[in-house]
Amino acid sequence: MSQTVRMRPEGSGQALSEAYDTALLDLDGVVYAGGDAIAHAVDSLATARAGGMHLAYVTNNALRTPDAVAGHLTELGIPTVASDVITSAQAVARLISEQVPAGARVLVIGGEGLRVALRERGLEPVDSAEDEPVAVVQGYGGPDLTWSRFAEACYAIARGVPWFASNTDLTIPGARGIAPGNGAAVEVVRIATGAEPQVAGKPLPPMHRETILRTGAERPLVVGDRLDTDIEGAFNGEVDSLLVLTGVTDGAQLLAAPPRHRPTYVDADLRGMLTGQPEVVEAGDGFRCGGWTATAGPEELVLTGEGEALDGLRALCAAAWTAAGEGACELDGGKALARLGL
């Protein structure tokens with residue numbers, strides 16, 4: 001795939017909720033964290049929906065069913081039906097169904113979300129390698145998933161059964177901080193077996209395909225907090241993206257982002273969907289956004305001026321990404337970010 005390398009965040013004269021027909025929203029770290037709504041999420045999504053934007057919730061978390069996710073969102077004050085939710089469990093179930101016979105048994109290492117998605121595709125979930133499965137599927141099973149479940153996967157994979165994973169996110173945000181995600185559990189099985197799974201979730205094409213098939217989006221905007229899943233998934237799908245800073249990505253990671261991890265827009269939280277986005281412009285040998293100007297020195301990024309912190313971050317992105325070109329910026333942005341309180 002050949003794409004133009006992004007050198008700066010884009011501006012938008014329209015509110016993003018008007019410029020795009022569908023928001024493809026990540027959940028953990030974007031809409032909620034640890035089960036509680038993130039600040040401004042409920043009101044921002046209500047306003048976007050009232051303005052005619054279709055809201056779809058796209059999650060790599062394969063634990064809960066779409067019904068359960070929709071119920072949780074509705075309880076938080078975000079009216080949602082199951083068809084608005086697309087999970088990596090659904091994407092991996094479709095991927096498996098295209099490679100095994102109808103009605104085939106699949107060993108499940110994960111939660112109810114995987115089981116429901118497999119049944120939707122006419123497949124039979126089983127719990128043991130002795131049940132003669134034709135595939136193994138692994139997804140996030142919550143913090144209480146036992147070691148014996150990983151062993152069942154290893155037994156089946158050692159017999160030549162193909163292995164699938166819903167996603168490989170190494171971490172998952174929660175109310176108390178960052179916890180191990182499905183990717184960490186996948187590494188356990190990978191180390192033990194030496195095998196490689198077929199992966200369906202973000203940022204890979206099966207998840208984007210599942211999302212477009214289920215939403216019918218024509219002008220989608222991916223909204224996420226992770227560079228290596230949400231933003232890279234948008235890059236792979238050749239659609240625009242909005243990074244919000246309510247989850248796992250910090251300013252230093254954003255400045256160092258290689259092209260596939262560079263979002264179209266950057267904002268603090270979901271209120272960024274409701275506004276236009278300021279333009280970043282060239283200013284001498286640097287870049288200006290709002291009252292800030294950022295330049296790339298020999299060893300570090302330099303920020304001058306004053307104003308909104310996010311404008312300074314956007315200007316820094318332009319300086320860092322331009323200096324890095326098709327690579328990852330290695331210039332020190334610590335002092336510049338400290339000026340912004342980021």
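Q: Where in this predicted model does Arg 115 lie?
A: Look in helix H5, residues 112-120, for Arg 115.

Q: Why is Arg 115 called buried?
A: The relative accessibility of Arg 115 is 17%. Buried means under 20%, so Arg 115 counts as buried.

Q: What makes Val 108, Pro 125 and Asp 127 contacts of Arg 115?
A: Contact means heavy atoms within 4.5 Å. Leaving aside neighbours within four places in sequence, Arg 115 meets that with Val 108, Pro 125 and Asp 127.

Q: How do you know that strands S14 and S15 pair?
A: Pairing takes at least two bridges, and three bridges join S14 (residues 240-244) to S15, so the two strands pair. They run parallel. In one of the bridges, Leu 242 has Tyr 265 of S15 as its partner.

Q: Which strands make up the open sheet, and in what order?
A: Six strands with parallel pairing follow the order S5-S4-S1-S13-S14-S15.

Q: What makes S5 and S15 stand at the edges?
A: Strand S5 (85-87) and strand S15 (265-267) each have a single partner strand, so one side of each is left without a neighbour in the sheet. From one strand to the next, the twist averages 25°.

Q: Which strands does helix H4 touch as it packs on the sheet?
A: Helix H4 (residues 88-97) touches strand S4 (54-59) and S5, and its direction makes about 55° with that of S5.

Q: What about helix H9, and which strands does it touch?
A: Helix H9 (residues 227-237) also packs on the sheet, touching strand S13 (220-224) and S14. The direction of H9 makes about 160° with that of S14.

Definitions and conventions
Residues are numbered from 1 along each chain as its sequence is written. This is a predicted model: local features need pLDDT of at least 70, side-chain atom pairs count only at pLDDT 80 or more; totals for chains, interfaces and linings use all residues. Side-chain values use heavy atoms; hydrogens and water are left out. Helices (H or I, at least four residues) and strands (E, at least two) are DSSP runs, numbered from the N terminus. Axes are lines fitted to C-alpha atoms, for helices over the stretch in contact, and angles run from 0 to 180 degrees between N-to-C directions. Buried means under 20% relative accessible area, exposed over 50%, partly exposed in between (1.4 Å probe, protein chains only).
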